[in-house]
Structures are given as structure tokens and as C-alpha cells.
Amino acid sequence: LEVVQLIDVEHNIRCGSQILAEEMNATQDDLGRALRRYNGGPKCEFGGCAESEKHARAVLAILARDVRG
């Protein structure tokens, strides 16, 4: 994977989706843990990484808002 590939929006989305799918598999479909791993790596799966915690909370809040309509 080269940096220039990540500039391409479609490629970037496919890549990010693949990584998130792998994190979902690694966490047995626990979205909060998967988001923390996606943002900060495996060491952040169970918390302790402020930026990853903030990222996971923000994504989950957006998802909850969209689900409620």
C-alpha cells in the first residue's frame, strides 16, 4: 500500500472498511472495541488510550443518532 493510493477516496474507503472488518472479526463483532483497535491498535482494545476512547465514543454517538433518525 502506497501513500498515493490512500489519496484516492474510493481506495481509502475500501482499505478502511477492510481494516474495520478485520478488527470486528478480532473482537467478535464488538464495535466499541473494534473502533478502539482501528484508531489506536490492539493495545487500545480494552481502553487506556484517550484518543481511541474519544474516537470510539464519537463514532458510536453518530451511529446511535443515525439509527434513531
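The structure holds seven salt bridges, a salt bridge being a side-chain nitrogen of Lys or Arg within 4 Å of a carboxyl oxygen of Asp or Glu. The model is predicted: local features need pLDDT of at least 70, side-chain atom pairs count only at pLDDT 80 or more, and totals for chains, interfaces and linings use all residues. Residues are numbered from 1 along each chain as its sequence is written, and side-chain values use heavy atoms, with hydrogens and water left out. Helices (H or I, at least four residues) and strands (E, at least two) are DSSP runs, numbered from the N terminus. Buried denotes under 20% relative accessible area, exposed over 50%, and partly exposed in between, with a 1.4 Å probe and protein chains only.

**Salt bridges**

- Side chains of opposite charge can pair when their charged atoms come close.
- A network of salt bridges links E23, D30, R33, R37 and E45.
- Because E23 lies in helix α2 and R37 in helix α3, the pair ties together parts that are 14 residues apart in sequence.
- E23 is buried, with 12% relative accessibility, and R37 is also buried, with a relative accessible area of 16%.
- R33 forms a salt bridge with E45, and their closest N and O atoms are 2.4 Å apart. R33 belongs to helix α3 and E45 to the loop between α3 and α4, so this pair ties together parts that are twelve residues apart in sequence.
- Both R33 and E45 are buried.
- A further salt bridge joins R57 to E53, with the closest N and O atoms 3.9 Å apart. These two residues are separated by about one helical turn, because they are four residues apart in helix α4.
- R57 is exposed at 52% relative accessibility, whereas E53 is partly exposed at 22%.

- The buried residues of α3 include G32, R33, A34, L35, R36 and R37. Their cover includes α2 and α4 (50-68), where contact means heavy atoms within 4.5 Å.
- L35 is located in helix α3 (residues 31-40) and is buried, with a relative accessible area of 5%.
- Apart from neighbours within four places in sequence, L35 is in contact with L20, H55, A56, V59 and L60.
- The C-alpha atoms of L35 and D66 are 17 Å apart in space, and the two residues are 31 apart in sequence.
- E23, placed in helix α2, touches A34, R37 and Y38 when residues up to four places away in sequence are not counted.
- At the start of α3, a side-chain oxygen of D30 comes to within 3.2 Å of the backbone nitrogen of G32.

**Backbone at the ends of α3**

- Most residues other than glycine have a negative phi, and most peptide bonds are trans.
- Q28 has a positive phi near 55° although the residue is not glycine. Its place is in the loop between α2 (9-26) and α3, where Q28 is exposed with a relative accessible area of 60%.
- D29, also not a glycine, has a positive phi of about 65°. D29 lies in the loop between α2 and α3 and is exposed at 56% relative accessibility.
- Just after α3, G41 adopts a positive phi of about 90°.

**Cysteines**

- One disulfide is found in a search of the whole structure, a disulfide being a pair of cysteine sulfur atoms within 2.5 Å.
- The disulfide joins C44 to C49, with an S to S distance of 2.1 Å. The link of C44 and C49 is left-handed, with -85° about the S-S bond.
- C15 takes part in no disulfide, and the nearest cysteine sulfur, that of C44, is 19 Å away.
- C44 and C49 are both buried.

**Nonpolar surface patch**

- L60, L63 and V67 form a nonpolar patch on the surface, with about 260 Å² of accessible area together.
- Patches are made of residues with over 30% relative accessible area and no salt bridge; like charges are joined within 9 Å and nonpolar side chains (Val, Leu, Ile, Met, Phe, Trp, Tyr) within 5 Å. Accessible areas come from the Shrake-Rupley method with a 1.4 Å probe, and for residues only the protein chains shown count as cover.
- V67 is found in helix α4 and is exposed at 66% relative accessibility.

Technical notes. Polar contact = N/O pair within 3.5 Å; in protein donor to acceptor, adjacent residues only side chain to side chain.
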